[in-house]
Amino acid sequence: MRLLIVEDEPTLGQQLRNALEGAGYAVDLATDGEEGLYLGSNEQYDAIILDLGLPEIDGLTVLDRWRKEGKTTPVLVLTARDSWSDKVAGLDAGADDYVAKPFQTEELIARLRALIRRASGNASAELIAGDIRLDTRSGKVTKAGEPVKLTAQEYKLLSYLLHHKGKVVSRTELIEHIYDQDFDRDSNTIEVFVTRIRKKLGADVITTIRGLGYSLEEPADA
Ligand code: CA
């Protein structure tokens with residue numbers, strides 16, 4: 001899962017980026033409204049954290065442009081403390097949730113998890129396929145109750161496929177959702193990650209759909 005943070009306070013932006021990377025997300029950080037608008041319009045994100053008070057273009061205008069472009073990416077706005085008018089304006093402009101500054105990072109991450117889950121049609125914080133379980137809260141993966149250790153990239157790939165269980169996901173889509181923009185993207189590495197995940201979780205967990213991509217299905221009853 002890949003996130004965009006649009007936040008002009010350098011310390012807060014960097015702290016958020018570190019915390020979200022630590023929680024297993026690929027993260028891009030924009031420090032003004034113009035850069036944020038551009039990235040949000042041109043890159044593929046699973047959710048966006050948008051400060052409202054931004055240089056160049058203010059957050060509400062950025063959000064309004066995205067919605068007018070037809071972008072449906074979930075957006076969580078950061079509002080000034082106690083500013084009910086900010087919250088109302090944010091929601092009216094198409095925000096999906098808000099957090100007032102100052103906030104606990106844990107709360108922000110929990111709200112993001114919920115937004116991403118809802119956007120992909122998953123009601124539970126635990127994503128399940130057969131005997132494989134991924135807990136989006138702890139970042140832990142188990143197979144038949146036994147913990148399985150995945151690298152950060154393997155986890156991102158498995159998490160994306162589980163969020164989109166039963167759908168065919170192209171290699172390009174995977175690349176767009178598991179790497180941040182600064183990462184040296186090589187589509188061959190996707191196949192390497194898939195091979196490693198199959199070794200750890202079972203050969204049949206991810207199906208290759210020739211010419212189209214990959215699919216993670218709920219296994220049929222034996
Ligand atoms: Ca600000």
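Which residues does UniProt list for "domain: Response regulatory"? The unreviewed UniProt entry lists residues 2–116 under that name. The model discussed here is a predicted one, and the values below are computed from it.

## Recorded features and their make-up

The chain is divided into domain 1, covering 2–119, and domain 2, covering 126–215. Taken over C-alpha atoms, the centres of domain 1 and domain 2 are separated by 25 Å. Contact between them involves 16 residues of domain 1 and 14 residues of domain 2.

The size of an interface is often given as the accessible area lost when the parts come together. Here domain 1 and domain 2 bury about 1200 Å² between them, and 47% of this lies on carbon and sulfur atoms. On the side of domain 1, the residues that lose the most area to domain 2 are Arg 2, Gln 44 and Arg 113, which together account for 37% of what that side buries.

Between domain 1 and domain 2 the count is one salt bridge. Arg 17 forms a salt bridge with Asp 182, in which the closest N and O atoms are 3.8 Å apart. Five residue pairs are in polar contact between domain 1 and domain 2, counting pairs with both residues at pLDDT 80 or more. The elements that give two or more residues to the side of domain 1 touching domain 2 are helix 1 (10–22), strand 2 (26–30) and helix 5 (105–119). Sorted by class, that side of domain 1 has six nonpolar, two polar and eight charged residues.

Asn 122 is found in the loop between helix 5 and strand 6 (126–129). Its side chain makes a polar contact with the side chain of Ser 120, at 2.9 Å. Leaving aside residues up to four places away in sequence, Asn 122 touches Arg 117, Leu 127, Leu 162 and His 163.

## Salt bridges and a tie between strands

How many salt bridges does the count come to? The count comes to 18 salt bridges. The side chains of Arg 2 and Asp 28 meet in a salt bridge, with 2.6 Å from N to O. Because Arg 2 lies in strand 1 (residues 2–6) and Asp 28 in strand 2, this pair ties together parts of the chain that are 26 residues apart in sequence.

## Two details of the backbone

Most residues other than glycine have a negative phi, and most peptide bonds are trans. The peptide bond from Lys 101 to Pro 102, by contrast, is cis, with omega near -5°, and Pro 102 is found in the loop between strand 5 (97–100) and helix 5.

Glu 56, a residue other than glycine, has a positive phi, near 70°. Glu 56 lies in the loop between strand 3 (47–51) and helix 3 (59–68).

Terms used
Residues are numbered from 1 along each chain as its sequence is written. Side-chain values use heavy atoms; hydrogens and water are left out. Domain bounds come from an automatic or database domain assignment. Contact means heavy atoms within 4.5 Å. Buried area is the accessible area (1.4 Å probe) that two parts lose on being put together, summed over both. A salt bridge is a side-chain nitrogen of Lys or Arg within 4 Å of a carboxyl oxygen of Asp or Glu. A polar contact is a pair of N or O atoms within 3.5 Å; within protein, one must be able to donate a hydrogen and the other to accept it, and residues adjacent in sequence count only if both atoms are side-chain atoms. Helices (H or I, at least four residues) and strands (E, at least two) are DSSP runs, numbered from the N terminus. Ala, Val, Leu, Ile, Met, Phe, Trp, Tyr, Cys and Pro count as nonpolar, Asp, Glu, Lys and Arg as charged, and the others, Gly among them, as polar. UniProt positions are given in the numbering used here, feature names are shortened, and annotations may be inferred rather than shown by experiment.
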